[in-house]
Amino acid sequence: MKLSQLFENAPNIEIFDLCFDSRKAKENDMYFCMEGMVHDGHDFVEDVIQKGVKCIIHSKDIKYMHKGVVYIQVENVNRTLNVVASKFYGYPSQQLKVFGVTGTNGKSTVTNIIQNVYSKFFPCGYIGTIAIRYGDVKLAPNLTTPDPILLHKTMREMVDYGMKAVALEVSSHGLELGRVQSIDFDIAVFTNLTYDHLDFHGTIEKYFEAKKKLFQLLKKDGIAVLNVDDPYYDQLKQVTNARVVTYGIQNDADYYANHVNIGVHGSTFELHHLGKVYEVSTNLVALYNIYNLLAAIATMCESGIAIEDILPHLQSIDQIEGRMERIDEGQTFNVIVDFAHTPDGMEKVFEYAKNITPESKSIIAVFGSAGKRDTRKRKIFGEIADRYCSSIILTEDDPRDEDPKEIANEIKTGILHTNNIFIADRYAAIRQAIESANAQDTVLILGKGDEVFMYREFGREHWLGDHIVARRCIKKYCLEESVE
């Protein structure tokens with residue numbers, strides 16, 4: 001695209017691509033001098049010019065100006081990046097129905113339900129923690145909410161592929177760092193807000209302020225789908241100019257569920273909407289997943305799909321990797337892998353485990369806590385597990401440059417009654433839990449979900465994945481031994 005098409009009175013030179021990471025700069029790129037928490041993009045201007053960058057977008061004064069390079073000074077580089085990225089890729093979010101989902105827990109589940117079911121009617125992509133998916137394309141995830149360049153580039157590819165919609169996970173980091181300022185959201189969904197990311201935001205109030213930004217971004221003819229049972233509902237309702245639609249179980253809502261019956265392999269409930277009652281049957285389990293399902297139903301219905309048409313597809317929703325993933329290789333006990341890494345998420349998984357585990361049987365949990373992240377929740381994790389478990393196996397979970405044993409010791413301060421051990425190697429910890437389980441026990445493997453990497457001091461290291469390790473251990477140490 002010509003630079004003159006992106007900025008008034010700019011030279012008529014060709015721009016091949018956009019970038020803000022100096023390491024990825026290429027010839028004829030436009031480089032944005034972004035100021036990060038660690039590095040300032042202005043410090044790398046000379047480096048990118050050596051790589052052939054033809055245009056520099058900056059907010060601070062540039063000391064040395066090179067001939068043949070265009071310098072454009074702006075007040076806010078991030079805001080400009082958002083505007084330029086959208087225009088450079090042809091305003092793709094305006095050509096898609098964009099469903100944005102935010103909240104502490106449930107983002108991945110709601111967006112994946114939407115993609116899975118909505119695609120039965122119209123082609124729908126997904127961008128989030130688990131992957132980037134559309135049609136037959138599946139790419140590794142970047143961040144929960146990618147940067148503006150990757151977001152608009154991916155949406156452009158989705159439009160060209162034939163997608164009509166996209167379900168996008170919108171993280172508090174993505175909102176606070178301004179990654180979605182130029183996305184044209186049609187529907188924004190709020191799941192819940194509980195204790196998380198305080199290492200980044202500082203306080204729960206600032207965390208909520210970040211979440212609010214999505215609903216403030218909504219256009220007047222957009223729709224805000226809000227959880228009426230969440231304590232932050234009233235505040236969110238006040239900040240948006242969009243039409244508000246509610247869902248819930250405890251309080252009356254536009255999409256209201258009652259007579260909820262949670263089973264081991266599925267759930268049923270009555271859905272009340274506009275004076276009608278619908279019998280809902282789904283393969284999803286756990287009460288919090290009923291909330292997630294209500295959010296997805298409301299979103300799809302408000303986008304024009306009739307509830308009657310949605311219902312048949314709820315009985316066989318694709319398994320969402322690492323989210324309440326039931327590992328079944330024919331063993332006599334329950335094994336569940338879940339991404340739960342917040343106190344609220346942990347509590348809800350343990351509540352479900354208690355409901356499906358006979359009183360005389362055991363709940364065995366395997367988990368840790370991430371290094372270089374909010375340390376205050378470690379003791380809370382211990383307290384929660386202590387209330388539900390018969391035994392606890394503490395292990396590594398993205399330790400980064402912290403000692404996993406020290407992290408485990410902090411978790412142990414909340415464990416007062418339950419037998420617990422520390423096994424540093426996560427594979428060995430999962431194996432121990434599975435080998436110790438008896439018939440009708442429940443093994444919970446928490447924290448990493450579907451992730452196939454482990455963050456260590458030197459960066460990412462390959463990890464098989466909790467779901468894969470669990471299957472291997474069941475086959476090798478339970479089924480083979482029983483055959484023998």
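1. The bridge partner of F32 in β3 is I57. Strand β2 (residues 29-32) and β3 run parallel over 3 bridges. Two strands count as paired if DSSP finds at least two bridges between them. Helices (H or I, at least four residues) and strands (E, at least two) are DSSP runs, numbered from the N terminus. The model is predicted: local features need pLDDT of at least 70, side-chain atom pairs count only at pLDDT 80 or more, and totals for chains, interfaces and linings use all residues. Residues are numbered from 1 along each chain as its sequence is written, and side-chain values use heavy atoms, with hydrogens and water left out.

2. I57 also stands opposite I72 in β4. That contact belongs to the parallel pairing of β3 with strand β4 (residues 70-73), over 4 bridges. In strand β3 (residues 55-58), C55 and I57 point one way, I56 and H58 the other, and all are buried. Buried means under 20% relative accessible area; exposed is over 50%, and partly exposed lies in between (1.4 Å probe, protein chains only).

3. Strand β18 (residues 363-367) has 5 of its 5 residues buried, so the rest of the structure largely encloses it. I363, A365 and F367 point one way; I364 and V366 point the other way. β18 pairs in the parallel sense with strand β21 (residues 442-446) over 4 bridges. There I363 stands opposite T442. β18 also pairs in the parallel sense with strand β19 (residues 391-394), over 4 bridges. The bridge partner of I364 in β19 is S391.

4. Next, the open sheet. It has 11 strands in the order β8-β7-β6-β9-β5-β10-β11-β12-β13-β14-β15, with mixed pairing. β8 (137-139) and β15 (276-282) are the edges; each has a single partner strand, so one side of each lacks a neighbour in the sheet. On average, neighbouring strands of this sheet are turned by 15 degrees against each other, direction ignored. In general, strands of a sheet pair through backbone hydrogen bonds, either parallel or antiparallel.

5. Within that sheet, strand β5 (residues 97-102) and strand β9 (residues 165-169) pair in the parallel sense over 5 bridges. F99 stands opposite A167 in β9. Helix α10 (residues 287-302) packs on the sheet, touching β5, β10 (187-190), β11 (223-227), β12 (243-248), β13 (255-262), β14 (267-273) and β15. Contact means heavy atoms within 4.5 Å. The direction of α10 makes about 145 degrees with that of β13. Axes are lines fitted to C-alpha atoms, for helices over the stretch in contact, and angles run from 0 to 180 degrees between N-to-C directions.

6. How many disulfides are there? The count is 0, with a disulfide taken as a pair of cysteine sulfur atoms within 2.5 Å. For C19, the nearest cysteine sulfur is that of C33, 9.5 Å away. C19 is buried at 6% relative accessibility. C33 is in no disulfide either, and is buried with a relative accessible area of 1%.

7. The second largest pocket holds about 180 Å³ of space. A pocket here is an open set of points on a 1 Å grid over the protein atoms alone, where a 1.4 Å probe fits, with protein on both sides within 12 Å along at least five of seven lines; lining residues have an atom within 4 Å of a point. Grid points are joined across faces, edges and corners, and the volume is the space filled by probe spheres set on the points. Its lining includes N112, R133, K138, D318 and E321. Helix α4 (residues 107-118) gives the most to this lining, with 3 residues.
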